[in-house]
Structures are given as structure tokens and as C-alpha cells.
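Please look over the model shown here, and then work through the questions that follow, each of which is answered in turn.

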Amino acid sequence: MKKIEAIFKPFKLDEVREALSEIGVSGLTVTEVKGFGRQKGHTELYRGAEYVVDFLPKVKVEVVVPDNLLDGAIDAIIKAARTGKIGDGKIFVTSVDQVIRIRTGETDEAAI
């Protein structure tokens with residue numbers, strides 16, 4: 001099993017959720033986050049004063065998938081989240097050793 005953490009622009013969330021649902025991903029966790037990468041934030045003008053916005057709003061989607069769904073899930077996220085502009089985000093993949101569903105006690109892939 002693998003855990004996918006994808007960080008991308010907030011307005012792409014519905015498209016990513018739908019794309020993952022279409023390939024059979026049944027659950028995910030979404031967190032509103034702020035951060036920056038190469039884009040290093042930006043400047044904005046408010047009431048005549050210029051100020052720097054260092055941390056840009058993003059969303060982080062976390063999903064655990066069986067190994068056979070990994071490539072499809074990554075492709076779905078990339079296609080749905082890509083705008084072609086700087087700040088599209090990143091995807092991190094890590095191994096998951098164990099999953100336990102608290103309510104039933106199911107473990108591993110049965111608990112996903």
C-alpha cells in the first residue's frame with residue numbers, strides 16, 4: 001500500500017476528487033494548507049499599499065491506495081490538477097506498513 005500526498009491549487013480540488021473517484025479511490029482526506037515553492041509568493045496591492053504574500057493557499061489531499069492503483073491515482077491527480085503554470089503543486093508517495101479500521105478492526109487493504 002502507498003500513501004499519496006498531493007498539494008495543489010484549491011480550485012482544482014473538485015476535479016481531482018472526481019478523477020480519483022472514477023478510478024476507484026473510495027476515500028481521501030483534504031487539508032487547507034499554505035506554502036510556497038519556486039514561485040516564492042507574490043506581491044499584492046491593497047488600498048494603495050503594496051505587500052508581499054509569502055504563503056499561498058493550497059490544498060493537500062492524502063489518500064492510501066493499494067499498489068495496483070498507485071500509477072492510475074498519480075496519473076489522475078496530475079491530469080486533474082495541472083494548469084501548466086508555476087505553482088501547480090507536488091505529489092509525494094510513501095509506503096504504508098499497516099492500516100487498521102478502528103470501527104471494525106479490519107486491517108491493511110480491507111481497511112482502506
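Q: What percentage of the 112 residues of the protein chain count as buried?
A: This is a predicted model, and totals for the chain use all residues. A residue counts as buried when its relative accessible area is under 20%. On that basis, the share of the 112 residues that count as buried is 30%.

Q: Which pattern of helices and strands does the protein chain follow along the sequence?
A: The protein chain contains 2 helices and 6 strands. Read along the sequence, these elements give the pattern β-α-β-β-β-β-α-β.

Q: Why is the protein chain described as more spread out than a compact globule?
A: For 112 residues the globule rule gives 13 Å, and the protein chain is well over that value, so it is more spread out than a compact globule. Along its principal axes, the C-alpha trace spans about 60 × 25 × 20 Å. The value behind the description is the radius of gyration, which is 17 Å.

Q: How far apart do the centres of the positive and negative side chains lie?
A: The protein chain carries 17 positive and 18 negative side chains.

Q: With which side chain does the side chain of Glu5 make a polar contact?
A: Glu5 lies in strand S1, which covers residues 2–8. Leaving aside residues up to four places away in sequence, Glu5 touches Lys60, Val61, Glu62, Lys90, Ile91 and Phe92. The polar contact made by the side chain of Glu5, at 3.5 Å, is with the side chain of Lys60.

Key: Residues are numbered from 1 along each chain as its sequence is written. This is a predicted model: local features need pLDDT of at least 70, side-chain atom pairs count only at pLDDT 80 or more; totals for chains, interfaces and linings use all residues. Side-chain values use heavy atoms; hydrogens and water are left out. Helices (H or I, at least four residues) and strands (E, at least two) are DSSP runs, numbered from the N terminus. The radius of gyration is taken over C-alpha atoms; the globule rule is 2.2 Å times the number of residues to the power 0.38. Buried means under 20% relative accessible area, exposed over 50%, partly exposed in between (1.4 Å probe, protein chains only). Lys and Arg count as positive and Asp and Glu as negative; His and the chain ends are not counted. The place of a charge is taken as NZ of Lys, CZ of Arg, CG of Asp or CD of Glu. A polar contact is a pair of N or O atoms within 3.5 Å; within protein, one must be able to donate a hydrogen and the other to accept it, and residues adjacent in sequence count only if both atoms are side-chain atoms. Contact means heavy atoms within 4.5 Å.
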